[in-house]
Amino acid sequence: MDDPDHGVTGAGQGPFVVSHPCPACRGQGTTDGQPCPTCHGTGVQRFFHGTKADLKPGDLIEPGRSPNFGRRERTTSYVYLTGTLDAAVWGAKLAIGEGPGRIYIVEPTGPIEDDANLTDKKFPGNPTKSYRTRQPLRVTGEVTDWQGHSPEDLRAMRDHLELLKRQGVEPIDD
Ligand SMILES: [Zn+2]
C-alpha cells in the first residue's frame, strides 16, 4: 500500500510506527503490485498484543474472552493484534482488569484481517496496523521496555471512547 506518511497520522493518536517491517517487501505490504506473500499484505513482520493478562511464551490467546473495549458482558469472537507498539500500548493500558498492562509478541495461527474498529472510519487505510483473527494468537515473547502513555493521553483516549459510545459507535465484533 502506498503510505507516504510512513504510518504517521496527524490525529495525535501516536506515531504508529511499525517496529519490525516485513523484510521481503520492506514494510510496503506489496511486491510487484501483489500482496506480499511473506507478510500476507500487512507489511508487518512482528505482531503485538496488549493485555492485562499474565502470559508466557507458548501460551495461546484465544477468542471468546471478554473484549478489551465496549460492552463488557459480551464476549468477542476475535482476538486483536497490531504491528505497532503504540497501538499495543493502548490495548494494554485500556484493557479491562488491574495492573500496569503487558505487551506480548504474538504469532497468528490462522488468517488475519483488518481490525474494522480502527480502519476506514477512524484511520483510513489501517495506519495503526491493527488486525483481528478468529484463531488463537501464540505468545512468543514479551516486550518489557515499552513506554506507557502519559495520564493526559490516557484520559484523552478514554474520553474519546466515551464520546464514541455516546454517539452509538460500538466496537464491531461481528
Ligand atoms: Zn511483506
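Some ground rules. Residues are numbered from 1 along each chain as its sequence is written. Since I will quote local features, note that they need pLDDT of at least 70 in this predicted model, side-chain atom pairs count only at pLDDT 80 or more, totals for chains, interfaces and linings use all residues, and side-chain values use heavy atoms, with hydrogens and water left out.

Start with the chain. There are two helices and nine strands; these are DSSP runs, H or I of at least four residues for helices and E of at least two for strands, numbered from the N terminus. The order from the N terminus is β-β-β-β-β-α-β-β-β-β-α. Of the 174 residues, 39% are buried, where buried means under 20% relative accessible area, exposed over 50% and partly exposed in between, with a 1.4 Å probe and protein chains only. Now take contacts, meaning heavy atoms within 4.5 Å. Among those between residues at least 6 apart in sequence, 75% join residues at least 24 apart.

Next, the zinc ion. Which residues coordinate the zinc ion? They are Cys-22, Cys-25, Cys-36 and Cys-39, each through SG, at 2.2 to 2.3 Å. Donors here are N, O and S atoms within 2.8 Å of the metal (3.2 Å for Na, K and Ca); water is not among the atoms, so sites may look incomplete. The donor angles run from 104 to 122 degrees, which makes the arrangement tetrahedral; that label requires four donors with all angles between 85 and 135 degrees. For reference, the ideal angle for four tetrahedral donors is 109.5 degrees.

The spacing of the donor residues in sequence is C-x2-C-x10-C-x2-C. Cys-22 sits in the segment before β1 (30–31) and Cys-39 in the loop between β2 (34–35) and β3 (47–51), so this pair ties together parts 17 residues apart in sequence. Cys-22 counts as buried, at 1% relative accessibility, and Cys-39 is buried at 4%.

Last, the rings. The structure holds one aromatic pair. Phe-47 and Tyr-131 form it, edge-to-face, with 5.9 Å centre to centre and 85 degrees between the planes. Rings of Phe, Tyr and Trp (its six-membered ring) pair if their centres lie within 6.5 Å; planes under 30 degrees apart are stacked, over 60 edge-to-face, and the rest tilted. Phe-47 belongs to β3 and Tyr-131 to β8 (residues 130–133), so the pair ties together parts 84 residues apart in sequence. Both Phe-47 and Tyr-131 are buried.

Technical notes: Tetrahedral: all angles 85-135°; square planar, octahedral: opposite > 155°, others 65-115°.
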